[in-house]
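Me: I want to check the labels on this model. Take me through what each one rests on.

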Amino acid sequence: MTHFDDLETRSADQRAADLARALPQQIAHAQKASGYAAQLADVDAQAITGIEELAALPVLRKSDLTKAQAEQRPFGGFTVKPASGFHHVFQSPGPVYEPGGTGHDWWRMGRFLHALGIGQGDIVQNCFGYHLTPAGMIFESGARAVGAVVLPAGTGQTELQVTAARDIGCTAYAGTPDYLKIILDKAEEMGVTLNFTKAAVGGGALFPSLRQEYKDRGIACLQCYATADLGNIAYESAAMEGMIIDEHVIVEIVTPGTGTPVAPGDVGEVVVTTLNPDYPLIRFATGDLSAVMPGISPCGRTNLRIKGWMGRADQTTKIKGMFVRPEQVAALVEKHDEIVKARVIAARQGEMDVMTVQIESAGGDDRAYAKSVAEVLKLKGAIEVVTPGSLPRDGLVIEDQRNYD
């Protein structure tokens, strides 16, 4: 299969050169949005030419966006044009408002559908929601980009879904991983044969057993990683080795609660910068955990790959009645130059919560660390100093070992 475009097979040098041109333009564009007045006011946009320079900029969190939107409706000042300048306005739970456009592949989902083999001649039964949230339109826009026809099915009314799929001759499914099985089982119950051969899924976990079931039924199933704010971030190809980063976003993996990149291969929070000029989100923290994979995909696409969704980065945990947040653990590390990494462990002794703070350090004073823990975390806990490199690189900075059964 040919690739969606030449961007997918760029050399590392060409990719870096293209980024050095596009990134300063996007930073300068973002500086025109009032929401970035504080974060980017003193930034020299022309100096931000790569990921290393980008990593010096502040992270924008969902909580920041929600707060800004409450003060400045509907987009918090993070778009470069008013709501009336877009084609759609969506509302996600929170509520959080997102803009939408009908320009060519505005959410960049076509690249994923093309990787699955969806194109002209296909009819996509789009079972993502069309009500308020953008998922339905995100996938419809992608289908348009690859020349496929769309049945805007949404969710529910499974018997009608089966009837429509049969009558229209739908060849591809788009929706959450588990809903396709519900449709297929209902079709079997009704004695109806469907023509699905491809399934583009997202918005939930695709378990290997479910993917295998679809394969056994003659359906190739691939998944993408997308959000309402950012559109498509990464996607699987037929190689099914990790998820390939989209060509119009920049992905960093950082220590949860910070903006500091982790070592290559370590698990951390996914932070995304989009090159969408209409909605220039800069270092937007997704709250999801993942890790970078080495090398390039066997399918020939050369962009960075991640391992997919590996949990949530917001590990906020209540210990002894007090919330401990990843940002506090990061502040503890910053308080002492010799600390490499820290990990808070919540456990139970009898009916009491206990907290242990493991600190990676080549030395240091346990008493000084204990004092800092009490000041920063607002709790007292046992201190364990461990040698640098000995704590797991699994993205956890707060580990809850308590059994709630």
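Me: Which residues line the largest cavity, and what makes them lining residues?

Reply: This is a predicted model, where local features need pLDDT of at least 70 and side-chain atom pairs 80 or more, while totals for chains, interfaces and linings use all residues. Residues are numbered from 1 along each chain, and side-chain values use heavy atoms, without hydrogens and water. The lining is Trp106, Trp107, Arg108, Asp229, Leu230, Gly231, Thr274, Asn276 and Tyr279. A cavity is a set of points on a 1 Å grid over the protein atoms alone where a 1.4 Å probe fits but cannot get out; lining residues have an atom within 4 Å of a point. So these residues qualify.

Me: What volume does the largest cavity have?

Reply: About 40 Å³. Volume is the space filled by probe spheres set on the points, which are joined across faces, edges and corners.

Me: What makes Ile282 part of a lining?

Reply: Ile282 lines the second largest cavity, as do Tyr36, Gln39, Leu40, Leu57, Pro58 and Leu60. That cavity has a volume of about 30 Å³.

Me: Why is strand 17 called mostly covered?

Reply: Strand 17 spans residues 339–349, and eight of its 11 residues are buried. Buried means under 20% relative accessible area with a 1.4 Å probe, protein chains only. Strands are DSSP runs of E, at least two residues, numbered from the N terminus.

Me: How do you know that strand 17 pairs with strand 20?

Reply: Pairing needs at least two DSSP bridges. Strand 17 and strand 20 (residues 398–400) have three, in the parallel sense, so they pair. Ala346 stands opposite Asp400 there.

How values were computed
1 Å grid on protein atoms, 1.4 Å probe; cavity = no way out; pocket = protein on both sides within 12 Å on 5 of 7 lines; lining within 4 Å. Buried < 20%, exposed > 50% of the residue type's maximum accessible area, 1.4 Å probe, protein only. Helix = DSSP H or I, 4+ residues; strand = E, 2+ residues; numbered from the N terminus.
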